[in-house]
Amino acid sequence: MTQRQPGATLAEPGTDRLSRPVLEVTDLAVSFDNSAGGPRVQAVNGASMALYPQQTLAVVGESGCGKSVTAMSTMQLIARPPGRFDRGSILFEGRDICTLEERDMLSIRGGKIAMIFQEPMTSLNPVYTIGDQLLEAILLHQRVGPEEARGIAVQAMRDVGIRKPEERLGMYPHQFSGGMRQRVMIAMALACRPKVLLADEPTTALDVTIQAQILELLRELQRDRDMGIMLITHNLGVVAENADVVCVMYAGRVVEVANVFELFDEPLHPYTRGLFRSIPMLREAKHRLVTIRDVTDEPAEFRRLPGAVPWWPDMPQGARPALAAGRDEHVLVEVRPDRWVACWRTPELEARPHRRPNLAFRRGDR
Amino acid sequence: MPDAPIGHAPQAISGVDAMRGVGAVQAKGFWEDAWARVLARPGAVFGLSWIAVIAFFAVFAPLIANAHPVTLVTDRGREWPLLEHLAPADWLLLAGAVLGTPWVFLGPRRLKRSQRLGVLVACGLQAAATVVLSAAVVAWADDADRAAWVKDSIRAPWGIPSAVAAVALVFAAVAAWVPSVECRRVRLGAAGLTAALAFLACSFAGRTALVNFERYLEDERSGAIREVVWAPVPWSPQYTRSDMVAQAPGTRVADVPSLSAYADTAFGARRLLLGSDALGGDVLSQMLWACRLSISIGIVSTGISVAIGITMGALMGYFGGKVDLFLFRIVEIFMAVPVLFLLIVAAGVLPRNTYVMMAIIGCFSWTGAARFTRAEFLKLRGQDFVQAARANGLPVSKILFRHMLPNGITPVLVDASFAVAAAITVEATLSYLGLGPDGQASWGKLLSSATAATGTFVWWLAVFPGAAIFLSVLSYNLLGEAMRDAIDPKLRKAAH
Amino acid sequence: MISYLLRRLAFMVPTVLGITLMVFMLLALAPGGIGAGLAGSAGQLSDTSKVAQMQAYFEDRYGLNDPVIVQYARWLGRISPVKFGERDLRTPSGERVAPPRAIDDPPLAEAFPAPTAEVAAAPYAPPAGEQLVPEFKKLQREAEGARRDYIGSVRQFRDALAEWAKQQGPSMAGRLDSKGSARTEDFRGVEFPPDSPGYAKLAAAAAAMRAKWFRASAARERALAAFRAGPYPKSGIPLLPGLVSLDTPDLGVAFSKNRPVADLIAAALPVTLLINLIAFPISYLVAVPTGILASVRRGGWLDVGSGFLFLGLYSVPTVLAGVFAIGFLANRQYLGWFPVSGLHDSAAASMTFLPHTDAAGLWHRGYLLDTAWHVALPVLCLVYASFAVLSKQTRASMLDNFSADYVRTAKAKGVPRKDVVMRHVFRNSLLPLITMFVGVFPAMLAGSVVIERIFTVPGMGSLILEAIDLRDREIILANTFMVACVNLLALLLADILYAAADPRVSFNRA
């Protein structure tokens with residue numbers, strides 16, 4: 001799929017629109033200066049993923065695994081310094097975002113790729129009205145007059161289920177509840193009809209009923225607008241209900257990619273298994289909750305994948321298989337059709353043909 | 001969980017590692033860490049060095065700049081006029097510097113340096129209190145209004161020593177009781193030694209009020225002096241000659257037209273290194289002696305304002321409610337009128353002496369410290385460790401001073417350095433306006449004589465004291481800036 | 001909004017009371033007390049008993065012999081816009097005329113036989129019409145003169161009393177105070193036996209005092225009658241007729257200059273405000289943009305350079321800057337570019353407002369430029385210190401906001417960096433800058449006291465320094481009062497601006 005045919009779009013717009021990834025992250029590596037004076041922090045280290053229109057790609061992993069940095073890199077919102085792009089590319093509409101001029105990026109950011117953040121309480125500027133902030137985004141990216149922009153803003157508010165939008169536009173953020181503010185954030189992000197929405201834990205700060213409403217809302221809007229959503233979360237329940245494809249990250253690397261059903265049926269990487277087993281189950285009486293580490297500290301877990309040893313940074317030197325010479329000790333292997341798992345880069349794996357994770361899967365229940 | 005291999009520092013660590021603390025630097029104590037950060041800044045080092053220079057001259061000014069000879073031999077034998085004329089405070093300062101410096105830097109290892117410094121500060125306070133109060137007691141008893149037996153007993157040979165001894169004992173008891181340092185033996189020893197030194201100094205140091213400097217010149221001229229050793233700067237601030245007014249820096253005494261009679265004497269060969277002022281006093285000696293005022297006024301008045309401010313702020317922040325409402329009105333009063341304005345009024349109508357000036361600067365500038373402390377205490381009040389202390393039934397004083405104060409004091413301490421700078425500025429301003437302490441060498445006073453009423457401008461009276469004031473204020477500001485950057489966690493976070 | 005303003009104004013009252021009470025107490029604490037300056041002015045008279053009488057008269061006139069708290073209450077009564085009792089009159093020239101003051105009974109009157117010649121004064125009917133004003137003025141003068149005589153005689157009586165007591169031996173001499181003078185209160189209930197030594201002199205003094213009291217009260221009665229006849233219109237607005245009225249605050253009469261303090265302040269306050277109102281925008285206009293640029297290019301040369309420069313400037317005390325400016329820039333010995341003192345040239349009154357060239361081709365700088373030329377150095381000395389405070393605050397709050405979540409949101413919307421900085425970061429950083437007003441304005445006002453002294457500018461600062469030298473309580477108190485009011489209004493303005501800038505703050509909830 002990395003091969004691109006520019007003419008194809010004209011020939012068959014309907015199907016082609018959905019059969020090409022809208023965003024493609026390839027071997028991305030981002031690092032930061034350490035403020036405490038220690039070594040550089042390699043936040044993302046060779047992550048690859050692809051996002052299709054109408055697809056929800058869930059990126060999961062514990063805090064610090066690099067999922068937010070990946071999203072922020074896509075928006076080019078990483079401050080440089082202290083941040084630095086070490087290698088890799090982020091392709092959007094055939095252009096590498098990492099090499100774009102700031103001027104070109106401005107039209108993409110907010111216009112074609114939008115992002116909503118985790119903290120609805122503080123993500124709106126307290127001194128401007130909701131209307132000001134919505135109109136700012138609309139006027140920046142769409143060639144419309146103020147009246148028309150207002151119409152768009154009202155519609156965007158209505159789309160996200162805010163009642164009496166005309167009235168609400170004149171209100172300030174502090175007059176809104178957390179859930180309402182997040183709806184405003186979503187309205188703001190969607191007002192310009194972006195191709196890609198990066199949702200960085202959009203519901204973590206909200207209570208459960210609001211969470212469900214907002215995710216439902218996102219799903220509807222996604223279908224209407226052919227939008228690809230990168231859903232960053234560590235809530236596996238949210239993933240199970242909303243994601244099409246899941247990308248599990250650990251320590252700046254992608255450790256497993258699969259469609260949501262296969263992954264939940266049979267997680268292949270020990271870390272993924274640990275992630276799932278750490279969720280408390282209602283009917284299981286346990287002395288103590290299982291941690292991810294309980295699973296990854298078990299050597300047997302690493303032998304369950306025939307033909308390869310799953311990559312794991314904490315594996316003692318002796319337990320690691322003999323590695324192939326090369327830049328990286330880590331390789332993402334398509335162990336089964338459309339299933340990718342991070343493995344140690346052994347000579348036999350090196351010899352196999354490689355395909356970067358790329359799944360156009362969309363769940364059928366919608 | 002296996003740690004990152006020791007001895008093999010990774011080139012870069014992953015975000016997950018960083019979350020686990022891999023690559024973090026071993027933490028030092030909070031103050032130690034902050035102090036190291038302060039010392040890492042050249043500005044702060046410059047500031048500390050300049051303050052050290054000022055402090056050195058403040059202590060040793062009587063030995064360096066003095067119009068009394070160190071020693072001289074006449075027909076009456078050998079005399080030590082300089083030492084005889086040292087005041088009790090001079091002796092105590094010298095003793096404090098000579099004994100205190102090795103104590104702080106080479107004292108017993110089981111005490112931390114900060115603790116040893118604390119002991120020295122406590123001794124200083126004790127000595128100062130003894131000196132001030134015994135002088136006050138003696139002056140009171142010697143007053144014409146007192147009953148005859150009081151006057152007679154203080155004028156008896158044992159009168160002053162016994163009065164001083166009583167005062168010294170009282171303060172020694174207080175100092176021994178106040179827990180300045182954990183170790184009891186150190187505390188008692190320090191309090192006892194300080195009381196003994198203060199007693200000796202106050203009872204037996206020179207009390208000659210009238211000083212005749214001309215005596216030495218006459219003796220020198222008449223040849224009565226056989227041998228004499230002068231201080232490095234043979235001038236005192238009090239030594240003014242009306243025939244030596246406003247001489248430029250570097251002038252030789254004999255070159256002053258009205259003093260040509262001294263052409264062949266040792267006096268005539270002296271130089272006025274930084275010139276002389278409008279009253280005919282040597283500028284350099286005044287500059288050196290004024291270091292005392294600069295150091296003491298800054299530190300003492302800030303000490304007073306911090307003490308008042310912390311107390312008020314702690315009360316407001318801890319109790320809140322009505323106490324807060326009432327006390328904050330008082331703070332507001334001080335916010336509504338410029339403090340300098342009040343200081344000018346107060347300094348204008350109250351007696352012109354150093355202690356009054358320290359007191360009024362301290363009493364009128366505590367609101368900043370109070371506001372900082374209040375804000376911190378309001379924050380701390382709701383925190384778990386304070387709630388826990390309260391739940392455990394600790395008395396309010398313990399909660400306030402043991403648990404909350406060490407956590408809430410940081411911004412006040414950072415601000416204190418700026419407050420010292422401000423106090424020095426205020427002193428210079430008041431002295432310039434003619435409202436400064438009488439009979440005290442002061443940079444501000446020198447500065448004020450630079451622009452004479454006649455409209456002439458005497459540059460050396462502006463440049464030298466001006467530079468000293470500027471450097472002192474700058475030093476404290478640089479130090480404060482460095483401390484703020486080192487300690488303020490918000491700024492530190494933003495500074496990555 | 002209106003109720004908020006009223007509430008705020010009401011809250012200012014205790015603050016102003018607190019400040020003035022504090023200053024009042026401070027003045028009372030001063031050695032020699034509040035009247036110390038008066039003794040000096042009376043001291044030019046050669047005769048010591050005359051000096052004592054003069055002093056007694058001054059003490060009576062300004063009420064200095066009452067307890068401090070009574071004096072303060074009286075001062076408050078004058079300053080308060082709500083007046084109790086009889087309303088003052090106001091002359092056509094705006095001067096305030098108070099009713100003639102009541103006269104206390106002569107001390108120890110009961111202990112001495114009453115003079116036989118005392119007859120009730122004839123009832124007095126003030127003339128009507130045009131005669132009234134000159135008559136009232138005459139009566140006023142008479143009443144004042146008679147009172148002065150009476151007060152002097154009280155003083156003489158006290159001296160006689162002291163002398164008498166000393167002649168009676170220790171039992172009576174013990175009632176004298178430490179300076180050997182007699183307080184009449186301490187002799188209440190004492191028997192004065194007519195055969196005691198020195199009695200004749202004492203009784204004569206008492207009789208003279210009594211006679212003078214009689215004359216003074218009669219004169220006062222007449223003056224009061226004329227006052228009540230209404231030579232001038234009444235001042236203020238009555239609330240409860242005869243009891244409560246509203247009037248403008250009365251700032252009193254300066255001891256030292258014998259002029260109403262309000263006039264002195266009316267002349268001085270505009271000068272101080274002029275300098276401050278020029279300086280204030282300058283300091284913001286320099287410091288705020290520097291702070292913004294420093295925060296945008298953090299760690300760049302501008303950031304580091306302005307940090308160093310401003311901290312250096314901040315460390316220069318105003319007096320130092322003033323002395324250097326006057327010495328090197330203004331003094332003719334050196335550069336002599338600027339005038340040394342004053343606010344205008346001596347010929348300023350005859351200048352045109354704008355610069356112009358006259359018929360002979362000579363250029364005249366005019367009033368405006370002349371003023372600018374004169375205030376340049378004072379303003380310079382006033383502004384430089386606030387650069388550091390303001391620019392540092394700007395920079396710090398800008399940096400705070402740069403890392404705020406809503407700035408990230410703005411960036412994610414695709415807002416160009418320039419707009420992010422100005423519309424989002426700076427707009428939000430304005431709030432602490434408005435609060436800075438609270439610190440900078442008082443500092444400038446205080447700084448101008450010093451600057452006015454250095455540059456001999458006739459503003460509030462010069463006025464108060466002069467008043468302190470002369471211990472003129474009225475000027476000091478009125479000055480404190482005015483400064484506090486100006487300052488509190490400035491703080492109120494800052495709060496209103498804050499509320500206007502921050503939608504989260506609303507007047508109704510504050």
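User: How much area do chain C and chain B bury between them, and what share of it is on carbon and sulfur atoms?

Analyst: This is a predicted model. In it, chain C and chain B bury about 4200 Å² between them. Carbon and sulfur atoms hold 79% of that area. C:Leu26, C:Leu311 and C:Val323 supply 13% of what chain C buries against chain B, more than any other three residues.

User: How many residues of each chain take part in the contact?

Analyst: Chain C gives 49 residues and chain B gives 45 residues. Each counts through heavy atoms within 4.5 Å.

User: What makes B:Glu481 and C:Lys392 a salt bridge?

Analyst: The cut-off is 4 Å from a side-chain nitrogen of Lys or Arg to a carboxyl oxygen of Asp or Glu. Here the N to O distance is 3.0 Å. Because 3.0 Å is within 4 Å, the pair qualifies. The count between chain C and chain B is 1 salt bridge. There are also 2 residue pairs in polar contact, with both residues at pLDDT 80 or more.

User: Which elements of chain C give two or more residues to the side that touches chain B?

Analyst: They are α1 (2–29), α9 (301–314), α10 (318–330), α11 (366–402), α13 (417–454), α14 (460–470) and α15 (473–501) of chain C. The largest share, 9 residues, comes from α1(C).

User: How do you know that C:Glu474 is buried?

Analyst: Its relative accessible area is 2%. Buried means under 20%, so C:Glu474 at 2% is buried. C:Glu474 forms a salt bridge with C:Arg78, the closest N and O atoms being 3.0 Å apart. C:Glu474 lies in helix α15 of chain C and C:Arg78 in helix α4 (residues 68–79), so the pair ties together parts 396 residues apart in sequence.

User: Why is C:Arg78 called partly exposed?

Analyst: C:Arg78 has 23% relative accessibility.

User: What are the classes of B:Lys379 and B:Glu376, and why?

Analyst: B:Lys379 is at 53%. Exposed means over 50%, so B:Lys379 is exposed. B:Glu376 is at 17%. That is under 20%, so B:Glu376 is buried. The two form a salt bridge, with the closest N and O atoms 3.2 Å apart. Both lie in helix α16 (residues 367–381) of chain B, 3 residues apart, about one turn of the helix.

User: What makes A:Arg109 and A:Glu102 a salt bridge?

Analyst: Their side chains meet at 3.3 Å, N to O. The cut-off is 4 Å, so the pair passes. A:Arg109 is buried, with a relative accessible area of 2%. A:Glu102 is partly exposed, with 44%. Chain A also has a network of salt bridges linking A:Glu93, A:Lys112 and A:Lys195. Over all chains the count comes to 37 salt bridges.

User: Why can C:Ile237 belong to a surface patch?

Analyst: Patch residues need over 30% relative accessible area and no salt bridge. C:Ile237 has 53% relative accessibility, so it clears the area cut-off. It also counts as exposed. C:Ile237 sits in strand β4 of chain C. The nonpolar patch also includes C:Val82, C:Phe84, C:Leu239, C:Leu240, C:Leu243 and C:Leu246, with about 680 Å² of accessible area together. Its largest share, 3 residues, comes from β4(C).

User: What share of chain B is buried?

Analyst: Buried residues make up 47% of its 496 residues. Chain B has 22 helices and 6 strands.

Definitions and conventions:
Residues numbered from 1 in each chain as written. Chains lettered and ligands numbered in written order. Predicted model: local features only at pLDDT ≥ 70, side-chain atom pairs only at ≥ 80, totals over all residues. Heavy atoms only, no water. Patch = residues over 30% accessible without salt bridge, like charges linked within 9 Å, V, L, I, M, F, W, Y side chains within 5 Å. Areas by Shrake-Rupley, 256 points an atom, 1.4 Å probe, with all protein chains shown as cover. Helix = DSSP H or I, 4+ residues; strand = E, 2+ residues; numbered from the N terminus. Buried < 20%, exposed > 50% of the residue type's maximum accessible area, 1.4 Å probe, protein only. Buried area = accessible area lost by both parts, 1.4 Å probe. Polar contact = N/O pair within 3.5 Å; in protein donor to acceptor, adjacent residues only side chain to side chain.
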